[in-house]
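Biologist: I am new to this protein. Please walk me through the model, and tell me what stands behind each label.

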Amino acid sequence: MAITAALTVLLTLIHVACGQLEDVIIDRYFIPTHCSREVQTGDYVRYQYNGTFEDGRKFDSSLDKGFPFVGQVGVESKVIPGLDKGVQGMCVNERRKITIPPHLAYGVLGAGLVIPPDATLVFDVLLLDLWNKEDKVQIRTLHKQQNCKRTVMPRDFVRYHYNGSLLVGNLFDSSHLRNSTYDTYVGQGSLIRGMEEGLLGMCVGERRLIIIPPFLAYDDKGYGTKVPPYATLVFDVLLVDVYNVKDDVNVEVQKIPQPCRRRAVVGDFIRYHYNGTFQDGTVFDSSYSRNSTYDTFIGMGYVIAGIDKALQGVCVGEWRRVTVPPHLAYGENGSGELIPGSAVLIFDLHIIDFHNPKDQVDIKVIYKPADCNLTSAANDLIMYRYNCSLLDATHLYSSDDFPEPPRVTLGQGKLIAGLDEGLQGMCVLERREITVPPHLAHGTNGALGVPSSAVLLFELELLQLQKGVPEGFLFIWLQDSPEPLFPAMDMNQDLEVPLEEFSAFIKLQVAEGRGRLHPGIDSDVILRDMFKKQDRNADGKITEDELNIIVNEDDEVPKHEEL
């Protein structure tokens with residue numbers, strides 16, 4: 001039955017008991033530990049009740065009806081005055097036993113066949129909700145990051161976790177249980193009005209308690225079976241992400257080496273380390289964990305658009321923090337289980353090196369002697385000192401690691417192409433710094449201790465230089481050879497040249513600067529080999545016929561190989 005007092009005039013009749021007016025008797029048999037607000041006149045309340053007579057017989061119950069009572073206290077009230085009075089001062093979750101005398105109930109007339117005249121009524125009340133039309137959204141900040149560079153604005157897109165509960169504490173929804181954020185635009189009508197207001201001004205990582213009165217939530221309609229009509233909603237919100245569709249990539253340069261000799265451009269190949277995090281600091285990927293740089297071309301679509309853009313203009317050794325909005329990252333679909341949809345990504349980049357496939361060896365002369373008449377070239381034998389490192393100064397190897405500096409013949413394929421090139425044209429004691437791109441170093445495969453596609457930096461010093469001979473030769477003439485050759489070689493004019501005489505003749509040419517032996521090989525070994533080639537009948541001496549060789553029938557001048 002309804003607990004409405006239709007005949008309010010009759011309620012002014014005075015019931016006399018022992019010569020005094022009885023008042024409402026309130027038994028607060030359960031009071032919650034926390035009570036932030038009490039019912040006052042003019043407030044709206046929502047409560048469950050059981051109505052009984054003093055002997056315990058039930059005459060009415062909201063539980064039997066299947067829905068609680070909702071009404072305004074003390075203003076054009078729909079309930080008997082005693083009940084109106086009995087709920088004042090209640091807290092949400094409080095339970096009261098309210099005993100109402102007849103003159104504050106249905107008086108001498110009663111209520112139809114249900115409430116007899118002069119009946120004392122007992123109501124067992126549980127307060128579920130409390131609000132006022134003047135209420136606004138309440139915001140309590142539970143945690144806020146100290147460094148808050150951006151807050152939620154209208155038309156922003158947000159991703160947040162939440163627990164939604166009623167004032168009594170009953171959980172009606174949670175994004176945590178779904179292990180998925182709630183993603184939506186703010187200020188475009190996608191949310192209840194109270195939540196739209198409660199999210200404004202939040203920072204990523206901030207946690208708020210947002211209390212929304214019913215008329216700014218689902219009002220008299222409720223939501224499904226879990227949010228009843230006229231329910232105040234309490235949301236515990238953690239903001240995970242915020243961005244605007246107009247956002248561009250944000251680049252924060254944290255450290256830049258000086259000098260910066262070159263900045264990366266579209267088409268360059270770059271190697272960099274990175275940590276990838278979401279705005280709340282959660283790491284989703286890291287090149288450091290794989291102990292391997294990420295290697296790619298710039299501006300050619302091999303990475304997400306935001307990173308492609310952010311890599312342009314970097315210097316070797318530079319540190320950058322790059323914030324990439326979803327529309328320049330993985331969009332609303334995300335990437336597998338790693339990147340959720342509509343996620344803002346933050347990359348901390350460390351540029352290791354970059355180069356262009358068209359790059360050549362870069363040579364910087366550190367020191368050059370004033371007297372520099374003789375320079376290194378292909379086929380020369382040199383001794384040199386070196387230190388090799390990556391562009392980020394990571395040491396790779398050094399000639400100081402060995403007992404003595406290396407010796408090598410240039411132009412013979414004994415060195416990586418870029419180093420061979422960088423060692424040519426040097427004077428003895430000259431020092432150079434050369435930068436070798438990977439296609440002139442160890443390429444995409446790398447080498448022992450050398451990463452793939454690594455640009456190498458060499459510090460070089462030329463210690464010794466012996467001019468060489470073309471590949472395949474043991475001796476060359478530096479001036480025109482004697483013509484005819486055999487009489488000059490036959491120093492005792494006996495028409496035959498044994499090994500000793502042959503060796504003496506060649507050594508004389510070298511001593512007088514008219515010829516050069518292959519450096520790096522014992523001269524006696526070279527001379528025996530040369531003699532053997534000329535002594536065609538192997539009788540231990542060279543004759544004029546053995547020395548002179550007609551290569552082609554048309555040749556009129558005798559040819560004699562190296563000699």
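Modeller: The secondary structure of the protein comes to 11 helices and 28 strands. Helices (H or I, at least four residues) and strands (E, at least two) are DSSP runs, numbered from the N terminus. With its radius of gyration of 48 Å, well over the 24 Å that the globule rule gives for 563 residues, the protein is more spread out than a compact globule. That radius is taken over C-alpha atoms, and the rule is 2.2 Å times the number of residues to the power 0.38. This is a predicted model, in which local features need pLDDT of at least 70 and side-chain atom pairs count only at pLDDT 80 or more, while totals for chains, interfaces and linings use all residues. Residues are numbered from 1 along each chain as its sequence is written, and side-chain values use heavy atoms, with hydrogens and water left out.

Biologist: What box do the C-alpha atoms fill?

Modeller: Roughly 165 × 45 × 40 Å, taken along the principal axes.

Biologist: Why is Thr99 called buried?

Modeller: Buried means under 20% relative accessible area, exposed over 50%, and partly exposed in between (1.4 Å probe, protein chains only). Thr99 has 17%, so it counts as buried. Thr99 sits in strand E5, residues 95–100.

Biologist: What does Thr99 touch?

Modeller: Contact means heavy atoms within 4.5 Å. Setting aside residues up to four places away in sequence, Thr99 touches Asp23, Val24, Ile25, Thr120, Leu121 and Val122.

Biologist: What makes Val186 buried?

Modeller: Its relative accessibility is 1%, so Val186 counts as buried. Val186 is placed in the loop between E10 and helix H4 (193–199). Beyond four places in sequence, the contacts of Val186 include Val152, Pro154, Glu196 and Leu200. The C-alpha atoms of Val186 and Pro154 are 5.4 Å apart, although 32 residues separate the two along the chain.

Biologist: And Thr181: why is that residue called buried?

Modeller: The relative accessible area of Thr181 is 15%, so the label is buried. Thr181 lies in the loop between helix H3 (175–178) and strand E10 (182–185).

Biologist: What makes the pairing of Thr181 with Arg159 a polar contact?

Modeller: A polar contact is a pair of N or O atoms within 3.5 Å; within protein, one must be able to donate a hydrogen and the other to accept it, and residues adjacent in sequence count only if both atoms are side-chain atoms. The side chains of Thr181 and Arg159 make such a contact at 3.5 Å. Another, of 2.7 Å, joins the side chains of Thr181 and Asp183.

Biologist: How do you know that E2 and E3 pair?

Modeller: Two strands pair if DSSP finds at least two bridges between them. Strand E2 (residues 44–53) and strand E3 (residues 58–61) are joined by three bridges, and they run antiparallel. Asn50 stands opposite Ser61 in E3. Four residues lie between the strands of this hairpin, where Gly56 takes a positive phi near 95 degrees.

Biologist: Which residues other than glycine take a positive phi?

Modeller: Asp118 is one of them, with phi near 55 degrees. Gln493 is another, also near 55 degrees. Asp118 is in the loop between E5 and E6, and Gln493 is in the loop between H8 and strand E26 (497–498).

Biologist: Why is Asp118 called partly exposed?

Modeller: Its accessibility is 38%, so Asp118 falls in the partly exposed class. Gln493 has 54%, so Gln493 counts as exposed.

Biologist: What makes a set of residues a nonpolar core?

Modeller: The members are buried Ala, Val, Leu, Ile, Met, Phe, Trp, Tyr and Cys residues, joined through side-chain atoms within 4.5 Å. The largest core here has 59 residues, of which Tyr47, Leu83, Leu121, Met195 and Phe235 touch the most other members. Strand E6 (residues 121–131) gives the most to this core, with eight residues. Apart from it lies another core, of 25 residues, including Val408 and Leu465.

Biologist: Which peptide bonds are cis?

Modeller: One of them joins Gln258 and Pro259, with omega about 0 degrees. Another runs from Glu483 to Pro484, with omega near -5 degrees. Pro259 lies in the loop between strand E13 (250–255) and strand E14 (269–278). Pro484 lies in the loop between strand E25 (475–477) and helix H8 (485–489).
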